[in-house]
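Let's take a walk through this structure together. Have a look at the sequence and the 3D view first, and then read on.

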2 protein chains.
Amino acid sequence: MSKDLQYYERRQAAVIRKRIRSRLDALLLTQAADIRYLCGFTGSSAVLVFARQGPAFFTDGRYTQQAGEEVAAIQTIVSEGSPFLRALQWIKESKVRTLGLDFAHCTVSSLHQVKQQVGKKVELRDCSGMVEGLRLIKDAEEIARIRLAIKLGSALFPTALKHIRSGIRESQVAAEIEYEARRRGAEGMSFETIVAGGARSALPHGRASRERLPQRGFVVLDFGVILTGYCSDMSRTVHLGKPDARARTMYEAVLRAQLAAIKRVRPGVAVSAVDEAARSVLNKAGFGQFFTHSTGHGVGLEIHEAPRIAGKQRQKLQPGMVITVEPGIYIPGEGGVRIEDMVLVTERGCEVLTPTTKRLITI
Amino acid sequence: MSKDLQYYERRQAAVIRKRIRSRLDALLLTQAADIRYLCGFTGSSAVLVFARQGPAFFTDGRYTQQAGEEVAAIQTIVSEGSPFLRALQWIKESKVRTLGLDFAHCTVSSLHQVKQQVGKKVELRDCSGMVEGLRLIKDAEEIARIRLAIKLGSALFPTALKHIRSGIRESQVAAEIEYEARRRGAEGMSFETIVAGGARSALPHGRASRERLPQRGFVVLDFGVILTGYCSDMSRTVHLGKPDARARTMYEAVLRAQLAAIKRVRPGVAVSAVDEAARSVLNKAGFGQFFTHSTGHGVGLEIHEAPRIAGKQRQKLQPGMVITVEPGIYIPGEGGVRIEDMVLVTERGCEVLTPTTKRLITI
């Protein structure tokens, strides 16, 4: 806990510096992941305010005990009604003149509430990206937690393999993966488990259905866990029955694309270049039109966070970013392949965090 | 599918009537649950626009096949980039002069994008609550689906009982509940499963942790499934070891409060009166200060939707609403009790949908 506290204090100090540099009297945060990042609170109802007189944490009566246990070194105010309205009242009483809000997460209705409560004299400014910009670069504590989440997540792949066979329901395979995740201590899955067999493997988001796995064909698995708040995310594609030449070509093209993209990951490289590396391999192999999504995304407290690894994105990779690299091809009516690892950007290049083999497994 | 189609068409017709009555040229919807409600699409990236020339559905390339299968009778536009930006372009080309947006879900950043893309001449109006107002009253198809979700959800309680014992980890009990849910066909859990034993039962949101259940004391269970999109939600509290007089008093107070609240549920009654009925029983029993949350909430495609069953809420109950009734008491350091059913408001009163016994079970 004292080690955690150190990290929280360091993150809070970074927000305070940003608040001062932006000449804001106060900054109002409502996004659960931002709040967890900054003070460790894991509940669903909370508001965090950084003001000149110090930070203040607001929650409601359901979380009195939990806030006491989790939120250290911050003044905690338990409201009778909405913590959001209570926080606005506190801000008003604090004679704030410039208030930062995260416009990318604040709804228009909430903005109206803010205006009504704090009065017209307070200048409201967009601070979207302020905490996101910090969360983009994982600190040592976060990387340690992500490694543990990935370790647990990848330990579920053998469980999946043990159960995959023709005739079993996709949902049953998902059930086995999720049961094992819980047994090993996961707090939950980081997204709806994807198990998509045969023609359904051509659905990029083929959540496990009641369909049974076919005699022959690809099965795409995509799953992740949440452990101490942090997400893991991995995809592997296996083949039921002996793959024919076409299936082999598809698989190899995706694997080559994935390896080419990973090879581009290092500080200073634009994320679009990583996307382009995967896309160019698949274009050359004649599968370009079937690669219908972007190459990856950041992962941390949320399963999808900055940066997006996509064309047209100018952002440059920096040490401490953790991203997925997950090209795939999806041929309607036929099948699909996706291979996904999590990758940490290091000082000199990158480290593939997902330890699982990418050799084509036949079942 | 044709029966479903009928329902989707009826719901769409209701939105179209509302759009016309509000003198809007177009209405832009982005909330996943609203979109699923109106056209059946289950994916994560979609925008639905109701304009004078008819409805249009926008998604991205990952969902081409799925949209083809799920979205019937609506023009579907698959965008290369963001479906939101593509929809705004389409709105601009449609010469819309008044555009409705759901300010309760639209972020300030999105509002700026809308203004930028459709131009300054378009009048933007708040339509929050428009679709929510429809979803508030469940139609026959929805009630049928909710009944099935509840049937599956309550079938998990015996599974939980089979595994609850001193020394087992809360997370292991959750694992068994969730595994059985999957095995029986649930698409997922409707929220993070709560298994909170001993002193942890005093946490109103005690998500299953790695803690082991104690020798003696309450165990609060709160869980739900998602089936064909609809959520179930139930809580029961059991006791490890023989309950002493104090535990019995606590349990009976909560049960009486829950029954008193259910007794108030019928059309025309203010939701605050239902909350008050539960609160008054607990006040008289001397536990009022430990009932730290509201009495319930609507349930449907989302686990928390309108109406909120709380004090100060003036909304009146109407036939077709589906709500939870879930008073609880939480005594820090000691323990807690919560009992929760789902209840359908009928023409003449209400129907308790959750079939599970509320007798205190001792293990």
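**Starting from one residue**

Gln258(B) counts as buried because its relative accessibility is 0%, where buried means under 20% relative accessible area, exposed over 50% and partly exposed in between, using a 1.4 Å probe and protein chains only. You'll find Gln258(B) in helix α10 of chain B, residues 245–264; helices (H or I, at least four residues) and strands (E, at least two) are DSSP runs, numbered from the N terminus. Who are its partners? Setting aside neighbours within four places in sequence, Gln258(B) is in contact with Val325(B), Pro327(B), Ile339(B), Glu340(B), Asp341(B) and Lys358(B), contact being heavy atoms within 4.5 Å.

A word on ground rules: this is a predicted model, so local features need pLDDT of at least 70 and side-chain atom pairs count only at pLDDT 80 or more, while totals for chains, interfaces and linings use all residues. Residues are numbered from 1 along each chain as its sequence is written, chains are lettered from A and ligands numbered from 1 in the order in which they are written, and side-chain values use heavy atoms, with hydrogens and water left out.

Now step back to chain A as a whole. Its secondary structure comes to 11 helices and 19 strands, and its C-alpha atoms fill a box of roughly 70 × 40 × 40 Å along the principal axes. Of the 363 residues in chain A, 61% are buried. Among contacts in chain A between residues at least 6 apart in sequence, 67% join residues at least 24 apart.

Next, look at where the two chains meet. Arg62(A), Val108(A) and Arg182(A) supply 21% of the area that chain A buries against chain B, more than any other three residues.

Arg182(A) turns up again: its side chain meets that of Glu178(B) in a salt bridge (2.7 Å, N to O), that is, a side-chain nitrogen of Lys or Arg within 4 Å of a carboxyl oxygen of Asp or Glu. Across this interface the rule finds two salt bridges.

Key
Buried area = accessible area lost by both parts, 1.4 Å probe.
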